[in-house]
Amino acid sequence: MKVLTHTSMTRPGILLLDPELSDLSSHYRQFSPWSQTQILTQNKNGMINRIQCSVSKRIYAPVTLSPTESVTTQSSKKAGHTRIYEFLQRLGIVPDVLDGMELPASISVMRERVDFLHKLGLMIEDINNYPFVLGCSVQKNMIPVLDYLGKLGVRKLTLTEFLHQYPQVLRSSIVVDLQPVVKYLLGMDIQPNDIPRVLERYPEVLAFKLEGTMSTSVAYLVGIGVTSREIGVVLTRYPDILGMRVGRVIKPFVEFLGSIGIPRLAVARLIERRPHILGFRLEEQVKPNVDILLEYGVRSESLASVIALYPEIVGIELKPKLLSQRSLFSSSLDMDHEDFGRVVEKMPQVVSVTQASVLKHIDFLKDWGFSLEQVQKMVTGCPQLLALNLDIMKMSFNYYQREMCRDLDDLVAFPAFFTYGLESTIKPRYCFVAKKGLKWSLAWLLNCTNEKFEERMSYDSIDVQEMEMEPSFDMKSLFEPRRDESASEDDDRDDEYL
């Protein structure tokens, strides 16, 4: 702080003025001849304290504002606020909620703030949604925060949407509010390069308390079996989890999936692979969609596998899709309600296959010589046919006819033939059985692992039951972690979360 005096003496933090020499002399009370020097100090809020000083006796006595001066100051401040409010109202901003907030006395300063917010992409409507942003200094608050976000890697092209979602960030303290959250995210194994993506997807994370919702949601996920080393990946892909209440959102979702036959450990694997499913609203989306699946022919014992195969099915606008697909399958394949239910059970993604793709594959099979009844049976047995690449299907079919020389009925019995790789599986296995002169079915030849196939090659005869095997979904396949790490033990500790 500068120190001024009419003498050569200086004192840090103190302003010495001679009222007879200062241009501000009209603002100060005149004192007796023996006390003609005043000392003024300025506090953090910019308020000036005046002290009367007797140089000869070193006696200091504080001087307070008179009632008249106090009223004048309050009236001046009120008049300044009135001018600011009128200016904001002319722009369409509702300033009522700003009562009691420290605002600039100058309209030019307020105009600078509004213009700066406009440059950031915030419109009048956005400011009205969070008018407290007008209490932020451009130089002291907004620019430092934006610089910090930029250094973290938040992209300029996402900044407007970022501020739409969380304008409060402009009033945040970098040291007190922002840095601790970033440090916490890094501690959750979110990679430094992924921090800006997490913030862009879910800016509100910057408002959370470290020991509150964030820590309990992560602890619960680990408790049901989400592997610790996957937490960072899960949060990077769907950071909204950090704001979810365990007792209100996550736990009821997990328990509902358990009630229809999906074990908690399997749910944990689903969350690792599709963390966004936790964002599906249980009462408004998940439960109604389960009821709709039952209505359209899916059996209750198959619900678990349907959701495990295609978790998104419980979060989409399902009924119009099912209604449209059932009508399409009925008109093009003469498929009944029960068979349509089997199709959904085997490939729930069928609800999102386009009508053009369905019809193209049906016509393709007909062109190869299959009757409508055979095509209907093939699609019911292996609806994946409707999503395969037609060129690849054609190559497999040509090999089947020219090299394997088998009847179309075998393909009708085992349409999953088209789902196996021609070069990787079909050709090498066929060569083995052809050399041994074995009698075999397509199901026996293809529906097994390479290890199982090698074991079968040592048989002197073929097990009839093995020949009739059909591909099916095994819930146990979800129990394995995505990486080579054992899952956490299933320990009922989730009961402590409310």
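## T380 and helix α17

In this predicted model, T380 touches M335, D339, R342, V343 and K346, when residues up to four places away in sequence are left out of the count. T380 lies in helix α17, and with a relative accessibility of 11% it counts as buried, because the cut-off for that class is under 20%.

T380 belongs to a group of buried residues in helix α17, which spans residues 372-381, and the group also holds Q374, V375, Q376, M378 and V379. The cover over these buried residues of α17 includes helices α14 and α15, together with α16 (355-367) and α19 (408-413).

## The pair α14 and α15

Helix α14 is made of residues 318-333 and helix α15 of residues 337-346, and their axes come within 11 Å while crossing at roughly 120°. That angle makes α14 oblique to α15, and the crossing of the two helices is right-handed. On the side of α14 the contact is made by L322, Q325, R326 and F329, while α15 contributes H337, F340, V343 and V344. Sorted by class, the contact of α14 with α15 has five nonpolar residues, two polar ones and one charged one. V343 of α15, which takes part in this contact, is also one of the residues that T380 touches.

The loop between α14 and α15 holds D334, a residue that is not a glycine and yet has a positive phi of about 55°. Most residues other than glycine have a negative phi. With a relative accessibility of 63%, D334 counts as exposed, because it passes the cut-off of over 50%.

I174 is found in helix α6, which covers residues 174-187, and at 21% relative accessibility I174 counts as partly exposed. Apart from residues up to four places away in sequence, I174 touches P144, V145, Y148, Q179 and P180. Between I174 and P144, which stand 30 residues apart along the chain, the C-alpha atoms are separated by 8.1 Å.

The loop between α6 and α7 (195-201) contains D189, whose phi is near 70°, a positive value in a residue other than glycine. At 46% relative accessibility, D189 counts as partly exposed.

## The chain as a whole

The chain has 498 residues, of which 43% count as buried, and its secondary structure comprises 23 helices and four strands. Among the contacts with a separation of 6 or more, 64% are accounted for by residues 24 or more positions apart. The chain exposes about 27200 Å², and carbon and sulfur atoms supply 51% of this area.

Note on methods:
Residues numbered from 1 in each chain as written. Predicted model: local features only at pLDDT ≥ 70, side-chain atom pairs only at ≥ 80, totals over all residues. Heavy atoms only, no water. Axes fitted to C-alpha atoms, helices over the stretch in contact; angles between N-to-C directions. Parallel < 35°, antiparallel > 145°, perpendicular 65-115°, else oblique. Left-handed = near helix turned anticlockwise from the far one by under 90°. Contact = heavy atoms within 4.5 Å. Nonpolar A, V, L, I, M, F, W, Y, C, P; charged D, E, K, R; others polar. Buried < 20%, exposed > 50% of the residue type's maximum accessible area, 1.4 Å probe, protein only. Areas by Shrake-Rupley, 256 points an atom, 1.4 Å probe, with all protein chains shown as cover.
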